[in-house]
Amino acid sequence: MVCGSYSEAERGELPRLAADASLGCGNPVALATLSPGEVVLDLGSGGGIDVLLSARRVAPGGKAYGLDMTDEMLELARRNQAEAGVENVEFLKGEIEAVPLPDDHVDVVISNCVINLSTEKPRVISEAFRVLKPGGRFAISDVVFLGEKDKLPPGVARSVELWSGCISGALEAKEYEALLSQAGFDDVAVEVTHTYPPEQVAGLAGEDVEALRAVPVASAFIRARKPE
Ligand SMILES: C[S@@+](CC[C@H](N)C(=O)[O-])C[C@H]1O[C@@H](n2cnc3c(N)ncnc32)[C@H](O)[C@@H]1O
């Protein structure tokens, strides 16, 4: 499983359940440098760890929204919120392809290992752009391919999906940059934080390992800014 990178101090801020429920591939809260008074939206909030950490960072005066499409995850997140005693939080039911918030509403969009799951990534990115205020930041963690994924045999891409449990249809780093620029974002940057050794991907051997060595899978911080 590709999993998060929270410090012990951050884990200590949360109910054990929320910390254990992380299914992410990075720590977008660390990436986003949040300030009191800001409004944050987490796309695909799962058990709510990043929403709860963000809510603490934007208090007083700020708010953190978590958006998820499954009732099960929303229930878990609301239980974790109650246990953490954090009030400036709202968990919304909906899809990241059609965010149930008005235009120009949030300062920061975060997300942890979710956008790769969408079959409509350009819509997700344009929804993030729409709900961000002018000057707002897009600061997410996701999994990317470093190279041209079309060069991978289909069986290898499938093995990567099965192994990770949360990667399907990961973009190439260059595709991510292109989608963000096309949506209107400035200051687009993809920073690789961890490259997964091909030998670690269960079910791969021989030539398939070599194929994945040529097009490795990595976790990355992906940043961009909506123009003022
Ligand atoms: C891999 S988990 C990551 C959860 C959380 N971000 C974390 O780091 O622990 C993916 C989450 O995204 C949600 N999700 C996946 N696709 C979605 C979509 N299109 N719209 C809304 N939520 C989605 C799932 O329900 C699940 O809670």
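This note covers the overall make-up of a predicted model and two of its loop residues, E97 and V201.

1. Basis. Local features need pLDDT of at least 70 and side-chain atom pairs count only at pLDDT 80 or more, while totals for chains, interfaces and linings use all residues. Numbering runs from 1 along each chain as its sequence is written, and side-chain values use heavy atoms, with hydrogens and water left out.

2. Overall. The protein chain has nine helices and eight strands (DSSP runs, helices being H or I of at least four residues and strands E of at least two, numbered from the N terminus). Of its 228 residues, 54% are buried (under 20% relative accessible area, 1.4 Å probe, protein chains only). Among contacts (heavy atoms within 4.5 Å) with a separation of 6 or more, 78% join residues 24 or more positions apart.

3. E97. This residue sits in the loop between β3 (89-93) and β4 (106-111). E97 is buried but has no salt bridge (a side-chain nitrogen of Lys or Arg within 4 Å of a carboxyl oxygen of Asp or Glu). R123 is the nearest side chain of opposite charge, at 6.6 Å (Lys and Arg count as positive, Asp and Glu as negative; His and the chain ends are not counted). Setting aside residues up to four places away in sequence, E97 touches S118, E120, R123, V124 and E127.

4. V201. The loop between β7 (186-195) and α9 (207-214) holds V201. V201 counts as buried because its relative accessible area is 2%. Beyond neighbours within four places in sequence, V201 contacts S159, V160, W163 and L212. V201 and W163 are 38 residues apart in sequence, with 6.0 Å from C-alpha to C-alpha.

Terms used: Buried < 20%, exposed > 50% of the residue type's maximum accessible area, 1.4 Å probe, protein only.
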